[in-house]
Structure formats: C-alpha cells, structure tokens
Amino acid sequence: TGYEDSAAQGIMAGINAALSLSICGTRDVEYFYLSRSQAYIGVLLDDLTQIGTQEPYRMLTSRAEHRVSLRPDNADMRLTPLGNAIGVVSSKRWDTYQKRSALITNAVEVLDQICLTASEWRVRGFERLFANDKACFGSGAGRLSLAGALERVDVSLDDILEAFGDEHDALDKLRRNADTRNAVNAQCLYRGPAQRQDRELALLSRDHAMQIPSDLDLALLSGFSEEVREKLSSERPANLGQAARISGVTAAGLLLLRSYIRRHISQHSSKV
C-alpha cells in the first residue's frame, strides 16, 4: 500500500541514526544496511537509491529477484542475527531465536539424513509418491530422503511426522511445535525452487554484458508484463546489464529477455 514502504525506511533511518550517536547497543558499527538478497527492505532501498523511479514507488514481490528466499516463514532466521549484531535485539528475543534456530536446523538435518528405498517408502504407506511419476528417486542409489519427499506437493510434514516422529527425538520435538513445524516444512518445500533461483541469477550475473541485438523488436516479444515491455522498448538498453538498471524491469523479465537474445543469435547463426 505504501505505508509499509515508509515504515521500512523509518526503521532503517532510526537504526542508523542511533548508530551514528553510538546509542544503539555496544557494538562498534558505523552503519547498518540490508542487501537485496537479505530482505525486501534491501530491495526497496537499492531500487530507490540506485535505480530511481519516475512514479510513486511501491514494494512489489516481483521486484525482488531473491523472492523465493525472502519469505515470511524465515524472516526471523534471516534478520534476527543481523539485528543482534548491532544491538537492536533484546536478550529474550535472541534466546528465543537460538532455541528455534537449533530446533529447525536439527529437524532439517534429520530429514536430510533419513533416506529410504522405494520399497521402504511403500511399506510406510507412501504409495502416493509413485502415483504421478517413478523418477522421484533419481538415477543414483534409488533412495529418497524425508526432506526430498517434502518437495512433492502430495506429501506433508504432518504425514512424515506421523510415520517417523516416534523414532527420532528432533522430529518428536518438531511434532509438538506447530510454529517451527511450519518453518521446517517451508524450508524443505522451497529449497529446490530457491536453488533454481540462484542458478538463474548466476546466469544473469555472468551474462550482464550480453548485447541486445539492434534488430530485436522488443515491442513484439511475448511473455513480458506491459510495464516491462514498455520500459524496454522506450529505453532500448544495449545489454542485459543496462536492462537490469531500468526501474520496474524484473529478474523474470531479464531471464525472458536473455532467452530471446540467445534464440535470436542462434537463428541468425544458422542462416550464415
């Protein structure tokens, strides 16, 4: 709505004002900032200071290239250590964070370590793992971890805890803590998409100098939002790096543009 954006800037301004006066905790920190990969606040501030905007700015999820990792369920895991480092987190909150973090970490480790063969999963009553495809166990040793099973939409953490909770202390503790259970479930569920996101961003970083062919008509390309299409067409960036610095051009738009450039180059090379 815009109110949250203003509040976010106020929080950062207040923290840094306190740091400048050396009244924020006892840490010797000159200033505090958040990167685009750490928080939506980092995206907002980077957009406003580095890219700028010609219209009233609103923080939209599409503006964040790391949005798969910037989730409500892991906000405390991402930001509490940063706040603690500059003295804006109470000792009680820090203690709560450490206990919750340990529980989540231990539970995920157990979920990663326990691997079953296809027959073992069937014995446990997980026939639905084989309902849609038979390739979920990969081509290696033919074993699937509990965490791997959670990446499938037809298996929930409640299902896993019901079947395995009595056998492992970390899972038993998780079963009795609904808040932490949701965080663990989300971490396992989004791990695959987050890894794909990182690979895509690595491609954009590697290919930031990729030239946009002058004969590539951006206005005729499909798949872009109207805002991205209009801004690319009007600005006519020379390469991906310049396109990335245009306000409103998202990572998804850049990936699509990169795909069109590669296809365009391939088509023209085949004609030579």
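Axes are lines fitted to C-alpha atoms, for helices over the stretch in contact, and angles run from 0 to 180 degrees between N-to-C directions. The model is predicted, so that local features need pLDDT of at least 70 and side-chain atom pairs count only at pLDDT 80 or more, while totals for chains, interfaces and linings use all residues. Residues are numbered from 1 along each chain as its sequence is written, and side-chain values use heavy atoms, with hydrogens and water left out.

**Exercise 1.** Describe how helix H3 and helix H4 pack.

Solution. Begin with the geometry: H3 (residues 75-85) and H4 (residues 91-113), helices being DSSP runs of H or I with at least four residues, pack at about 140° with their axes 11 Å apart. Angles under 35 degrees count as roughly parallel, over 145 as roughly antiparallel, 65 to 115 as roughly perpendicular and the rest as oblique, and H3 and H4 are therefore oblique to each other. Next, list the residues in contact (heavy atoms within 4.5 Å): H3 contributes Asp 76, Met 77, Thr 80, Pro 81 and Asn 84, and H4 contributes Arg 93, Trp 94, Tyr 97, Arg 100, Ser 101 and Ile 104.

**Exercise 2.** Locate Glu 65 and find what it touches.

Solution. Glu 65 lies in the loop between helix H2 (40-51) and H3. Leaving aside residues up to four places away in sequence, Glu 65 touches Arg 36, Gln 197, Leu 201 and Ala 251.

**Exercise 3.** Which residue just after H10 takes a positive phi?

Solution. Helix H10 spans residues 226-235, and just after H10 comes Arg 236, whose positive phi is about 45°.

Conventions:
Buried means under 20% relative accessible area, exposed over 50%, partly exposed in between (1.4 Å probe, protein chains only). Helices (H or I, at least four residues) and strands (E, at least two) are DSSP runs, numbered from the N terminus.
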